[in-house]
Amino acid sequence: MKKILGLLTCLLILVFSLNGQDHVVTGTVTNQADGHTLPGVQVVVQGTTIGTTTDMDGKYEITVSEDAVLEFTFIGMTREVIDVEGRNVIDVELAPDIAQLDEVVVVGYGTRLKYELSGSISSVSAEDIAGHIAPSFETALHGRTAGVHMSAGSGKLGQQIRTRIRGSSSISASNQPLYVIDGVPVVSENLGSPGNEPTNPMADLNTADIESIEILKDASAAAIYGSRASNGVILITTKRGEEGRTRIDVSSQVGFSDPTNKVGFLNREQYLDLWEQAAIASFGEDVDWKSMLDGPFPFWRDPDNPDDITKGPDTNWEDEALRRGETQQYDISARGGDESTQYYASISFLDQVAIVNGNSFDRVGGRLNLDHQASDRVSFGMNMNLNRSRNFRVAHDRAFATPMQMIALTPLDPTHDPETGELNDRTIYENGLIVRKHSHFDTEVFRNFGNVFANIEILPGLNFRSEGGVDILSQQEVQFNGRPTNDGGDTGFGFERHVNTKLFNLENYFTYERIFADNYDVNFVLGSSLQQADYEYASMSGRGFPSDDFKRIISATEAINASSSGTGYRYTSFFARSDMKFFDRYLLLISGRADGSSRFGRDNRYGFFPAASAGWIATNEDFLIDNRTISFLKPRFSWGLTGNSEIYNYAPRGLYASSDYAGLAGLYSTTLPSPDLKWETTTQTNIGIDFGFINNRISGEIDYYVKKTEDLLLSTQVPASTGFTSVYTNIGNMENKGWEFMLNTVNVDRDFKWNTSFNIAFNENEVTNLEGEVISAGIWRVMEGEPIGVFYTKEYAGVNPDNGDALFYLNEEGDETTNNLAEAANRIVGDPNPDFWGGFTNNFSYRNFDLSFMFQFVYGHDIYNHGFEWQASGFRWEDNQTVYLYENHWQKPGDDTYYPQPRLYEENGYGTSSIQIFDGSYIRLKDVTLGYTLPRDLVQRANIENIRIFARGYNLLTFTDYPGWDPEVSSPNTADITTQTSNIQQGWDFYTAPQPRTITFGLNVSL
């Protein structure tokens, strides 16, 4: 009986439930702006999966309960939530989502709405780079913005990132952009000691503190920064407080890294086989090739089988140089405030162990941003960042002490001496494991950058802002090489270097913003800027340590190479900008900046940098305002002049230095004066269009630009009879021109969401005038009519299939060949500048799950793999060879191969030539993230706002034909390279470590 009653009760409940759902609601959804019906609007019962979509006439029908709540959503329109309340007909008007157009973009000395911009500015939001784990935020920008090409030098941590915005514009001056953090230009150049790895001051900024990054690409956007804007400007805005309760965000990540690639070198069996082939090829069939293995260093044999050469050590030195890395990062932040005071505070810790043996990086820091409204007219605030970073560095790529040079050792060499059990010191090159154990090279940086500011409203719309900024950096490098190392010698070697930089920035400016007669929106900026930067250097090295337990210079019995120096520069600037909008459709911007710099001669100290841009919001015209296909259309045009002053601080002056002459102090001249030295200027013209279709479901940007640089700041050679080697002059012109495309699409916008972003940029660089001069730097050339830094050397013509000889083109026409490398003609054989680059991003979400991935690609750049002159030399020396050569070399008549016959101690074409130059094009799966957000009703029971768990992968896949470790290489990794040489010598790979393939697991909690 109880079972029957229970069953009846369940049936009654089911009937009532069904009756409650049996309420049909119909209606029409229209666009509030123009009254047109909207097809494809999603209509969902709130809190359920019950839903439908409007038909082609904007009509819908749905069966719900009488007390249901309906949600109406459509791309490009605001969301509407409506209670049914028993009604059968509900017509809905959706308003355009102005927020999509009203995205606020930071520009120089202010902000503007995205849709009102007439210049070319790319934006990256905090969401785009959230959770990125790396010493520098710059690596998070790879592939995300059109026209911006970034390249990490190698897989070593803490290195400077090579950034080019719309190509290279200079030969001797810097090509790096200007970095501005919260309005303060900051130190971004390498401060590392000569002869060692370059450092990256931008690694001192925590990515988690960044709110947005704006990249000013064209002259109209960047000219407000005048003399320092030829290479573009990167504006970084950090997070700020907001009115409301305190929100605490906690984030943690842990993970591991492996090399993206290993080249693959010969094992013992392969090495002996190739050695035998090479010896026979050079000395004949009767050669005793086994005895030739015993050179100045022992050929290690198995002590139990000394006559069996196949037995013995078989060391994989590539595995010793490249290891598994580890990473962990923890961030905690709090933001909140009331009507008068808002704050953002954070602390962070990052610890990374590189894939390169001996290299690691850690950083701990904190930030405090405050905003206070003192009265109706007065507000003030501050931004402050304090941090300490430590980079445990390794020697540069061209030093024998670098871990990557271990790979040159043969597989016959054991890591440890079998007789003593100690690390093997009887190797042809230095055993990097000895360097790892008995040396250290640590760089510690303490840094404080930030500013204080005050804003006064003088009249309605008229404001005065004053801000003072600082960037104080103290860097200490401590190096010690113990006795077992080659550099340590018999008594050890120590080195210490201190760098202190102090940058002060003062900005004062007025802004006036007002709308006249409802149709004239004007924004004026007028102000001045003062900047002072001072650099102090002191270093000393010493030898003669009592033991390796004493590692500081004070313990050295012989102090050598002590030095100290100081330098600095000053800027005085005045700037103005007028930004106008008429009838909500016509845009006009005019700006100018006058800069005075201490880096130029008295007669050319000041420069003026004007710019102008115009835009037309065509979709606000009557003939397009009702168009249902074209949501947004804005053609724009800009022109401007920017400068480059990033050269040696005292370039126009003749300098003197002290000298010791027989115990007497004296002076001698060190540099030639160049009193007529003036600004390097870049004129840039940009034509672009911003567009949106189908309620901005498809949107994007197209730009075409031409950058012409004149009066290049060039370090030119002078006759040796002058007693000098070079002097700075203004010689030459350079041009960059190209296309940029950005396309964003919302593919699906329901419970399952999918959007895509694609960007690609094409750039052509040409040196148009050098007054007949040719600049040489190794195999690189700068010459008229060619891109900067083309490869100029002998051209490899392949292998003679009859005898295995390497062939080279005898003349520039390429119609004759020779097997004598010295006879071959030099010619242009490659170009390290890419033809195009870009990125492709997809974001998916379904309820609480999210997935995103990004591919980055670069095409058309060549790489000079200098290391292959030894790694693929066919035993020109004893260096271990690549498996690539082993499998692709000539062995018998008729073979069609890339590499010639290996010949022991013979070059057979293995001098410098295009045989070491390869196509570096690649496509890389740069970033993949999979996350899950716990249901809010579940976590809120524990008074937690949000919990998200995720896994993330970086550099997971790389598709390339490049036979080296990694195609993402940039320039020589030595800090003593000059700016000019670094600009020219691009794409140089010499035992350069690959990028890390990293996988992390993380947790985000919001309270």
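Twelve residues of domain 1 are in contact with nine residues of domain 2. The model behind this count is predicted. The domain assignment places domain 1 at 2–94. Domain 2 is pieced together from 181–241, 248–256, 322–326, 340–353, 386–789, 831–866 and 918–1006.

- The centres of domain 1 and domain 2, taken over C-alpha atoms, are 53 Å apart.
- The size of an interface is often given as the accessible area lost when the parts come together.
- For domain 1 and domain 2, the buried area is about 970 Å². Carbon and sulfur atoms account for 51% of that area.
- On the side of domain 1 that touches domain 2, five residues are nonpolar, six are polar and one is charged.
- One residue pair is in polar contact between domain 1 and domain 2, with both residues at pLDDT 80 or more.

**Salt bridges**

- Side chains of opposite charge can pair when their charged atoms come close.
- The count of salt bridges comes to 49.
- R447 and D204 form one of them, with 3.2 Å from N to O. This pair links distant parts of the chain, 243 residues apart. R447 sits in strand β22 (residues 439–459). D204 sits in the loop between β14 (184–185) and β15 (210–216).
- R447 has a relative accessibility of 3%, so it counts as buried. D204 is buried too, because its relative accessible area is 4%, and the cut-off for buried is under 20%.
- D249 and R247 also meet through their side chains in a salt bridge, at 3.0 Å from N to O. R247 counts as partly exposed because its relative accessibility is 37%, a value that falls between the 20% and 50% cut-offs.
- R903 and D805 make a salt bridge at 2.7 Å, N to O. R903 lies in the loop between α10 (883–887) and β48 (917–919), while D805 lies in the loop between β41 (796–799) and β42 (806–809), so the pair ties together parts 98 residues apart in sequence.
- R903 counts as buried because its relative accessibility is 13%. D805 is buried as well, with a relative accessible area of 13%.
- Shared partners join R112, E116, E513, D579, K581 and D584 into one network of salt bridges.

**Buried residues and their surroundings**

- T681 is in strand β32 (residues 680–693). T681 counts as buried because its relative accessibility is 16%, and the cut-off is under 20%.
- Leaving out residues up to four places away in sequence, T681 touches F609, L641, T642, G643, K708, T709 and E710.
- A223 is in the loop between α4 (219–222) and β16 (233–238). With a relative accessible area of 0%, A223 is buried.
- Beyond neighbours within four places in sequence, A223 is in contact with S591, R593, F609, P610, A611, L641 and T642.
- A223 and G592 are 369 residues apart along the chain, yet 6.9 Å separates their C-alpha atoms.
- V64 is in strand β4 (residues 59–64). V64 counts as buried because its relative accessibility is 1%.
- V64 and V25 are 39 residues apart in sequence. From C-alpha to C-alpha, V64 and V25 are 7.3 Å apart in space.

**Positive phi outside glycine**

- E85 is not a glycine, but its phi is positive, near 50°. E85 lies in the loop between β6 (80–83) and β7 (92–94).
- E85 counts as exposed because its relative accessibility is 63%, and the cut-off for exposed is over 50%.
- N943 also has a positive phi, about 60°, although it is not a glycine. N943 lies in the loop between α11 (936–939) and β50 (946–960).
- At 69% relative accessibility, N943 counts as exposed.

Note on methods:
Residues numbered from 1 in each chain as written. Predicted model: local features only at pLDDT ≥ 70, side-chain atom pairs only at ≥ 80, totals over all residues. Heavy atoms only, no water. Domains from an automatic or database assignment. Contact = heavy atoms within 4.5 Å. Buried area = accessible area lost by both parts, 1.4 Å probe. Polar contact = N/O pair within 3.5 Å; in protein donor to acceptor, adjacent residues only side chain to side chain. Nonpolar A, V, L, I, M, F, W, Y, C, P; charged D, E, K, R; others polar. Helix = DSSP H or I, 4+ residues; strand = E, 2+ residues; numbered from the N terminus. Buried < 20%, exposed > 50% of the residue type's maximum accessible area, 1.4 Å probe, protein only. Salt bridge = Lys/Arg side-chain N within 4 Å of Asp/Glu carboxyl O.
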